[in-house]
Amino acid sequence: MRILIFGPNGSGKGTQSAILVKKTGLTHIESGGIFREHAKKGTELGKKAKTYTDQGQLVPDEITIPMIVDRLSRSDCANGWILDGFPRNPSQAMALIQALEQGQTPLDVVIEIRLAREVAKARLMGRATCPNGHPNNTAIPAIAPIKSGNQLICAKCQQPVTVRQDDIDEQAIDVRLNIYFDEQNGTVSAIRAVESWAANRPDVNVIHVDGEGDIQAISETIAAALGR
Ligand SMILES: [Zn+2]
């Protein structure tokens, strides 16, 4: 199976990818990791990409697509992959789909975890750190820390948690969500482009999941849709 997974930050996309990897043995590929690897190793593509990022410009498809396709054609991806974090605009989406078809490894599943922007933002702002590493989030009831006097404590271990949410965090969160939810040239429009492509291809499985559900409910919905 070759899967594209989409969802805004805060939708639990990473968690769901990890669950899918466990269930299916597919390889989880994060696009950020690919770009970092090329930059670190100083490959030809990495050097070319750097000339754009140094000027604060978007790296063009002629550079990003070969990086992604190269990664997806390595041996650890022979049994399938889940690509996370790419494409981020319609032109990348169509270029990737075309490159995969040309390589005889067409895309066969698209998963979109849907979450309203304000819910995603509340979750990102509500992340809290427990000294024992338990997941805590003031915006997610199942893992919300508890009020104890004027402190918030972890429901699992009763240790005080720290909620990190300053203006800088909020700005960074807004920037990332702006890119995701941009309906003209952002990730949401990339998803729509992939969906219209898939509409004429009955063999492509397009799965929409409500990101407000709990982790297990979401993973069960995805597994059922995949027939796993
Ligand atoms: Zn704890």
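## The zinc site

In this predicted model, four residues supply the protein donors of the zinc ion: Cys130, His134, Cys154 and Cys157. The cysteines each donate through SG, and His134 donates through ND1. These donors lie 2.1 to 2.3 Å from the zinc ion.

The 4 donor atoms subtend angles of 105 to 118° around the zinc ion, so the arrangement is tetrahedral. Along the sequence, the donor residues follow the spacing C-x3-H-x19-C-x2-C.

## Helices α4 and α5

Helix α4 covers residues 61-72, and helix α5 covers residues 90-102. Their axes come within 10 Å and cross at roughly 45°. That angle makes α4 oblique to α5. The crossing is right-handed.

From α4, the contact uses Asp61, Thr64, Ile65, Ile68, Val69 and Leu72. From α5, it uses Ser91, Gln92, Ala95, Leu96, Ala99 and Leu100. By class, the residues of this contact are 8 nonpolar, 3 polar and 1 charged.

## Helices α7 and α8

Helix α7 spans residues 167-181, and helix α8 spans residues 187-199. The axes of α7 and α8 come within 4 Å. They cross at roughly 25°, which means that α7 is roughly parallel to α8.

Which residues of α7 meet α8? They are Ile179, Tyr180 and Phe181. On the α8 side, the partners are Thr187, Val188 and Ile191. The contact of α7 with α8 has 5 nonpolar residues and 1 polar residue, with no charged ones.

Notes
Residues are numbered from 1 along each chain as its sequence is written. This is a predicted model: local features need pLDDT of at least 70, side-chain atom pairs count only at pLDDT 80 or more; totals for chains, interfaces and linings use all residues. Side-chain values use heavy atoms; hydrogens and water are left out. Axes are lines fitted to C-alpha atoms, for helices over the stretch in contact, and angles run from 0 to 180 degrees between N-to-C directions. Helices (H or I, at least four residues) and strands (E, at least two) are DSSP runs, numbered from the N terminus. Angles under 35 degrees count as roughly parallel, over 145 as roughly antiparallel, 65 to 115 as roughly perpendicular and the rest as oblique. A crossing is left-handed if the near helix is turned anticlockwise from the far one by less than a right angle, and right-handed if clockwise. Contact means heavy atoms within 4.5 Å. Ala, Val, Leu, Ile, Met, Phe, Trp, Tyr, Cys and Pro count as nonpolar, Asp, Glu, Lys and Arg as charged, and the others, Gly among them, as polar. Donors are N, O and S atoms within 2.8 Å of the metal (3.2 Å for Na, K and Ca); water is not among the atoms, so sites may look incomplete. Four donors count as tetrahedral if all angles lie between 85 and 135 degrees; four count as square planar and six as octahedral if opposite donors are over 155 degrees apart and all others between 65 and 115; anything else is irregular.
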